[in-house]
Amino acid sequence: MKKSFGKLLLLSSLTTALVACGGGSGKITITTSSSTSSSVSSAISSSVAVSSEISSAAVSSITSSTATSSTSSTTNLSTPLKDLAEFPIGIAVELDGPHSLLSSAKQKEVVAHHFDQLTAGNHMKMSYLQSAQGNFHYTQADQMVAWGEENGLGVHGHALVWHSDYQVPNFMKNFSGTSQAFLDLVDNHARTVASHFAGKVASWDVVNEAFLDSGEYRNQGNEGSIFYQKAGGKDYIAKAFIAAREADSTADLYYNDYNTEQNGAKTDAVIAMAKELLDDGVPITGIGYQMHVMLDWPSIANIKGALKKAADLGLMVKITELDVPINHSWSGTYQNGTVYRTFTPALAQQQKKRYCEIVSAYMEVVPAAQRGGVTIWGVADHQSWLMGLMFSNEPNDIVWPLLFDKDYNEKPALLGVADALQGKSC
Ligand code: XIL
């Protein structure tokens, strides 16, 4: 099967993380459902000097021994990832701030070399595209799309509707009219944006994160969604899909969520919703699994089980936001109760294996015709959204979750993805 670029071509096993974006600061807040969460700061109280960056020498020695060809420290893999896959290999990028794609030659080079699909990490979300009612502005998103076109990368749009507080415009948050009038706002946003990008995006996350980990809709409380609340129920979901389809007749239309990889109540809720939408003739065509996972969570068996449920519906299945942090604080403790302060070759190999196993699971379970692709959530370790999110008493750079180090050198993790794409054992 040939690639189609659209017709445009957390956690320990015991606890569940609830990730919610909040505040006006661009920061993420994490709450966990476990009482162990309160021990986040107390568990790790010492501030230890950290060897915070990957040792290039260590990484080179690993990568050169496992690389398919070159032994250079910057191009360890002879073939670009994108050339190893029959489905899009995507990457989330930033369009402003210190990590802006377009202002970094090195970043542009690795992105154009290895990937064939872009996702805007932020700039296609609601508050960026329609900051005030009726005031749509696309400058940065358009620049990204244009750069993609020039460099052979398509686009996966993210996201038409997402409740995350600071990325919802005030006019939506402060809306006080009828449910019907609110649904009209949702319809108008989805329709206008999907129409603007029609023919330029292969696919959309139409609705992102509508469920709690319990499997309930985000109906109330801290984890509630203003969309559910102001629309008076879940109808905003169907509304957004219908509007997106009417505006763009060809893009794949995904429902996207996190913690669905663990194949629990939330996974089942998403699958049940998708069935219901399909039964009602609502144009959902895919399910996105964010895949913000850990080295040890969830199990590959659970990941396969979860992906299979979507595949069995005949829908497209996409890994939309893959990252694998070395340390995590989701469960209120750290990986195996340990803090890894150095990115050792052994950890690099564990991470490589994990990336490989996840991509292999995807290829094993999802039939070729239903593979919407695999997207990594960020380019280089220092740019990850997990920086600044995980730890209050540790330097933030001990997550090392991505495929490139801070100098854009390929990490063993990248070779793990390559191995999976080539059907090699992990
Ligand atoms: C994150 C971005 O990466 C951050 O830069 C931003 O501050 C908050 O949002 N799930 C999603 C993404 O669907 O939109 C989130 O992106 C990460 C979690």
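Student: How close do the axes of helix α13 and helix α14 come, and at what angle do they cross?

Tutor: This is a predicted model, in which local features need pLDDT of at least 70, side-chain atom pairs count only at pLDDT 80 or more, and totals for chains, interfaces and linings use all residues. Residues are numbered from 1 along each chain as its sequence is written, and side-chain values use heavy atoms, with hydrogens and water left out. The axes of α13 (residues 345-365) and α14 (residues 412-421) come within 7 Å and cross at roughly 30 degrees. Axes are lines fitted to C-alpha atoms, for helices over the stretch in contact, and angles run from 0 to 180 degrees between N-to-C directions. Helices (H or I, at least four residues) and strands (E, at least two) are DSSP runs, numbered from the N terminus.

Student: Why is α13 called roughly parallel to α14?

Tutor: Angles under 35 degrees count as roughly parallel, over 145 as roughly antiparallel, 65 to 115 as roughly perpendicular and the rest as oblique. The crossing is at roughly 30 degrees, and that makes α13 roughly parallel to α14.

Student: Which classes make up the residues of the contact of α13 with α14?

Tutor: Contact means heavy atoms within 4.5 Å. Among the residues that meet are Tyr-355 and Val-359 in α13 and Leu-415 and Val-417 in α14. The contact residues divide into 11 nonpolar, 4 polar and 2 charged. Here Ala, Val, Leu, Ile, Met, Phe, Trp, Tyr, Cys and Pro count as nonpolar, Asp, Glu, Lys and Arg as charged, and the others, Gly among them, as polar.

Student: What makes strand β3 largely enclosed by the rest of the structure?

Tutor: Buried means under 20% relative accessible area, exposed over 50%, partly exposed in between (1.4 Å probe, protein chains only). In β3 (residues 89-93), 5 of the 5 residues are buried, so the strand is largely enclosed. Ile-89, Ile-91 and Val-93 point one way, and Gly-90 and Ala-92 the other way.

Student: How do you know that β3 pairs with β4?

Tutor: Two strands pair if DSSP finds at least two bridges between them. β3 and β4 (residues 117-120) have 4 bridges in the parallel sense, with Ile-91 opposite Leu-118. With β12 (residues 371-376), β3 has 3 bridges, also parallel, and Ile-91 has Ile-376 as its bridge partner there.

Student: In what order do the 8 strands close into a barrel?

Tutor: The order is β3-β4-β7-β8-β9-β10-β11-β12, with parallel pairing. Neighbouring strands of this sheet are turned by 25 degrees against each other on average, direction ignored.
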